[in-house]
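Thank you all for coming; I would like to take a few minutes to walk through one model, beginning with a helix and ending with the aromatic rings around it. Please have a look at the structure first.

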Amino acid sequence: MAARLLLSLLALALAPLRAAAADLELLMFEQPGCVYCAAWDQEIAPQYPLTTEGKAAPLRRLQLRAPLPPDLALDRPPVFTPTFVLMADGVETGRIEGYPGADFFWPLLAGLITEAAAN
């Protein structure tokens with residue numbers, strides 16, 4: 001497990017260099033009253049733009065029930081909040097449905113970014 005995490009972190013550190021060809025963005029679908037969105041805001045949001053992940057995939061917040069902006073192509077509409085969708089050049093490459101807590105969020109996101117950078 002530790003070796004896998006180390007490999008993920010190493011791959012993530014190199015991801016911005018490989019991901020330069022694709023414009024990555026992390027969408028966060030949220031809605032008022034979502035306690036898991038509030039937990040993410042408290043535990044992750046303040047540091048997100050300062051992290052390697054935040055620099056590789058800047059965050060764009062969207063409301064769950066609002067119309068989808070025309071520059072985005074999702075595989076399917078989000079149902080739960082929060083739903084995090086990693087986009088590469090406006091096309092979905094992966095998603096995290098729900099907020100699993102900080103201990104799981106970071107490795108899941110790192111894996112999505114690494115996968116997107118590899119393609």
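This is a predicted model: local features need pLDDT of at least 70, side-chain atom pairs count only at pLDDT 80 or more; totals for chains, interfaces and linings use all residues.

Let me start with helix α2, whose buried residues pack against β1 (24-30), β2 (59-63), β3 and α4. A word on terms: helices (H or I, at least four residues) and strands (E, at least two) are DSSP runs, numbered from the N terminus, and contact means heavy atoms within 4.5 Å. Buried stands for under 20% relative accessible area, exposed for over 50% and partly exposed for what lies in between, with a 1.4 Å probe and protein chains only.

Residues are numbered from 1 along each chain as its sequence is written, and side-chain values use heavy atoms, with hydrogens and water left out.

Which residues of α2 are buried? They are Cys-37, Ala-39 and Trp-40, and, seen down the axis of α2, they fall within an arc of 160° (taken from the directions from the helix axis to the C-beta atoms), so they line one face of the helix. On the face turned away from that buried side, α2 carries the exposed residues Val-35 and Gln-42.

Turning to the rings, a search of the whole structure finds seven aromatic pairs. Rings of Phe, Tyr and Trp (its six-membered ring) pair if their centres lie within 6.5 Å, and planes under 30 degrees apart count as stacked, over 60 as edge-to-face and the rest as tilted. For Trp-40 and Phe-84 the ring centres are 5.4 Å apart and the planes at 40°, so this pair is tilted. Since Trp-40 belongs to helix α2 (residues 35-43) and Phe-84 to strand β3 (residues 83-88), the pair ties together parts that are 44 residues apart in sequence. Both Trp-40 and Phe-84 are buried.

Trp-40 also pairs with Phe-105, with centres 6.0 Å apart and planes at 75°, so here the pair is edge-to-face. This second pair links distant parts of the chain, with Trp-40 in helix α2 and Phe-105 in helix α4 (residues 102-118), 65 residues apart. Phe-105 is buried, with a relative accessible area of 0%.

Finally, Trp-40, Tyr-48, Phe-84, Tyr-99, Phe-105 and Trp-106 form one aromatic cluster, within a protein of four helices and four strands.
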